[in-house]
Amino acid sequence: MRRLNLLLVLTLLVGLLAAWTVPESAQQSAAALAEAAEQAAVPETAAAAPMAAKVQAPEYAGTYSAQLPAADSPGRAVTLTLAEDGSATMATDYQNGRRPVVEIGTWEANPEGTATVTLAAQGKRKYFEPLVIVFQLEGNTLTSVAYDTNLYGQEGLTLTRAEPEAAATAAGPTAAPVEAAPTEPTAVPVEAPAPEVDYAGTYTAGLPAADSPGREITLTLAEDGSATMATDYLNDQPPVVETGSWQANPDGTATVTLTGQAGEEYAEPVVIVFQLEGETLSAVEYDASLYGSEGLTFTRVEPEAAAAPAEAAGEPAPIEISPANTYLTVRPAASGSSQLLVLQLREDNSALFGTESMGDDPTVVESGTWQDNGDGTVTVVLSGTQDQQYEEPVELTFQRDGDLLQLVGSEERFGTAGLSLRLAADVARDIKASLVTLDLEAGFPLDPTFVSVQAGGPVDSSLLRQDCKGFINQYPVVTVNWTGTAPFVKAFFLSDSDTTMLVVTPDGQTLCNDDANENLLDPVIEIENPMSGEYHIWVGSYAKNQLVPGVLVLTANPELNIGTFDLGSLIRRPPLPEVKPAPAPISHTATLTETIKAQIAAAPALKAGSGPLTVDITATGDIPLFQLGLENEACNGLIAAVPDHILRWPAEGEALRIYFEGDADSTLLVVGPGGAVACSDDVEQGANINPLIALDNAPAGPYLIWVGRFNPDAPVTGQLTVTSDAAAVPAVLGPAQ
């Protein structure tokens, strides 16, 4: 109300001085928030639609495609291949320049005529809970009748079968000749086998690669003549998926023609001729520049392995868990605190056993080796700690039960209760306590979303994964419940210290980062095509129990990164002390404006060349000047509803100096003829905090002067000076210590 009175006064004086407007503050819509909350509700699974006539299993085998919308990309091109051997491959291209997401699993026909597709992994990354979709086939149209609406919306998935003739167009009735490649194709002499060779199925191979640990290639030859080759470079990037066709040749070989990657056709197809002997598929004609002089040698994936029967129809096949993993438990310590016991069984058969105290005791790490005994047990031999080698190694034998390791014996070390260790990823996923829990859906409107948290804690994160750094809290600082589909989501942490980050994904992956690059010591983790589920985030510091305050940022905006994020630019306002509640509003605005007009009429005229005009003023205003929306950053402080002084300046074009010498930090607001506004805070920031307004060509007319204060609990007392002396400056008032 106080601001409104001042604005009414100034607006009423528009004919004399000028008019101004104050922008309204932006307000959030409660209806929009309610709608967002409704959209963030737990997804439901679409109810199964009525089934049509029964469809035999062979009729489902083939390749199907569909185009779906996507939140943060032009759309999704989905290709689903159901192989005769019961294996399934789904490639999703978000048409955003990134590699498609390739999911693998199994499929089987159901007694009622539907088919169940179970997608269990992306490359080597197995899902904690497989994705199950039930389809109905009518003609060439494959329609989902039971699925996760969170992934495919209420409309579900409707795919169209790729006709064998269309899939094989690029190859023609016989294999098309290969144009001259950078390296001449290599031909290997082949004895003609019997022509009745069944090539349909799924094959795998491993090859070296120049810029990655290697290449894992999966080739699927479907019964309908379509072909899919997925190449995983083992570098945490999605596989490259090539599609095309294949056909058997009269000489007993088979020609595979790859015509492009999803959504992008090759200028010239890649043609490979294969020979199948037993379960081995060997390339006999190929481009050596792509596959080397050794070529390609695949091994058929046995139908039993690709489609292990589930206990009941529609249930996903169980996923075998490698013993090479990280296992842990938390148990009471003798000191009364807690202990974190961690066992790392590494791929190279080395082992680490860590005992981490939640108090101030140092971490003890024992090293050694391990082996899988092949009978459901694992033996760990610990040879010493980081400080000393044991005279006699310590041997521990664990019984495996799925993702659980149960110690056999060793009561003298762990007591009669023994030791039971769970898979670390499962423990992390089961944690329900966290400092902050966020529900985010793809395309979340508040992008970036950020929260203030503290990095650090008592737990050495390298115990959870060898390459993780820093000490973290026992519980995650943030848990994100993610739904929907997006090309990527990025998390980074801003602070004034060197920090680290650890994220456990819904499928059990442990992701770590220390520095964004050699110049930015802040951690960044980006997850491509994030799956729905709970993401647990920890932020670490380099010293045990050192707490580092900072801001954790989550974004799906490709233009935003840790280098461009500016927290200060998100909320623009100058620092101000907390203002006490405004006194009762002045109700007689008309009387107030009449008073100001009377003051202007009676204002003294300051003559050019005359001595300075000085006025004693006590500033007691409580209206924040920044609320008037003036563009000048110097327009701040707390002012009164009426001017502290009004004068008339008669000398057109002469120098005019207005300054205030107070007993505390103060500001000036001057409204001159024609509505011209001038503000001042400090003559020299950090040296003289008295305000000065200097006008070298001051127009003649009335000048309204306000003196502002910063401390609402104390008035500012001082002397206002108006002079034509161009060299005049206020006395020095230093900033408060």
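# Disulfides, cores and cavities

The structure holds two disulfides, a disulfide being a pair of cysteine sulfur atoms within 2.5 Å. This is a predicted model, in which local features need pLDDT of at least 70 and side-chain atom pairs count only at pLDDT 80 or more, while totals for chains, interfaces and linings use all residues. Residues are numbered from 1 along each chain as its sequence is written, and side-chain values use heavy atoms, with hydrogens and water left out. The structure also holds two cavities of 30 Å³ or more.

**Disulfides**

- C468 is joined to C512, with an S to S distance of 1.6 Å.
- The torsion about the S-S bond of C468 and C512 is about 55°, so this disulfide is right-handed.
- The pair links distant parts of the chain, 44 residues apart: C468 is in the loop between β28 (459–460) and β29 (471–472), and C512 is in strand β33 (residues 510–513). Strands are DSSP runs of E with at least two residues, numbered from the N terminus.
- C468 has a relative accessible area of 3% and is therefore buried (buried means under 20% relative accessible area, with a 1.4 Å probe and protein chains only).
- The sulfur atoms of C635 and C679 are 1.9 Å apart and form a disulfide; with 95° about the S-S bond, this link is right-handed.
- C635 lies in the loop between β38 (623–624) and β39 (638–639) and C679 in strand β43 (residues 677–680), so the pair ties together parts that are 44 residues apart in sequence.
- C635 and C679 are both buried.
- Counting bonded cysteines along the chain, the disulfides follow the pattern 1-2, 3-4.

**Nonpolar cores**

- The largest nonpolar core has 28 residues (a nonpolar core is a set of buried Ala, Val, Leu, Ile, Met, Phe, Trp, Tyr and Cys residues joined through side-chain atoms within 4.5 Å).
- The residues with the most contacts inside this core are V478, V480, W482, M501, V503, I537 and L552.
- At least two residues of this core come from each of β26 (436–441), β27 (449–455), β30 (478–483), β31 (488–495), β32 (499–504), β34 (524–528), β35 (533–541) and β36 (548–555).
- V480 touches L438, L440, G533, E534, Y535, I537 and L554, leaving out residues up to four places away in sequence (contact means heavy atoms within 4.5 Å).
- Another core, of 25 residues, lies apart from the largest one and includes A200, V270, L281 and A283.

**Cavities**

- On a 1 Å grid over the protein atoms alone, a cavity is a set of points where a 1.4 Å probe fits but cannot get out, and lining residues have an atom within 4 Å of a point.
- The largest cavity has a volume of about 160 Å³, a volume being the space filled by probe spheres set on the points, which are joined across faces, edges and corners.
- Of the 14 residues lining the largest cavity, V489, I527, Y535, I537 and L554 are the closest to its centre.
- β30, β31, β34 and β35 each supply at least two residues of this lining, and β31 gives the most, with three.
- The lining of the largest cavity divides into 13 nonpolar residues, no polar and one charged (Ala, Val, Leu, Ile, Met, Phe, Trp, Tyr, Cys and Pro count as nonpolar, Asp, Glu, Lys and Arg as charged, and the others, Gly among them, as polar).
- The second largest cavity has a volume of about 30 Å³ and is lined by T89, V102, I104, T218, T220, T228 and A230.
- β4 (101–109), β11 (215–221) and β12 (226–232) each supply at least two residues of the lining of the second largest cavity, which divides into three nonpolar, four polar and no charged residues.

Conventions
Buried < 20%, exposed > 50% of the residue type's maximum accessible area, 1.4 Å probe, protein only. Helix = DSSP H or I, 4+ residues; strand = E, 2+ residues; numbered from the N terminus. 1 Å grid on protein atoms, 1.4 Å probe; cavity = no way out; pocket = protein on both sides within 12 Å on 5 of 7 lines; lining within 4 Å.
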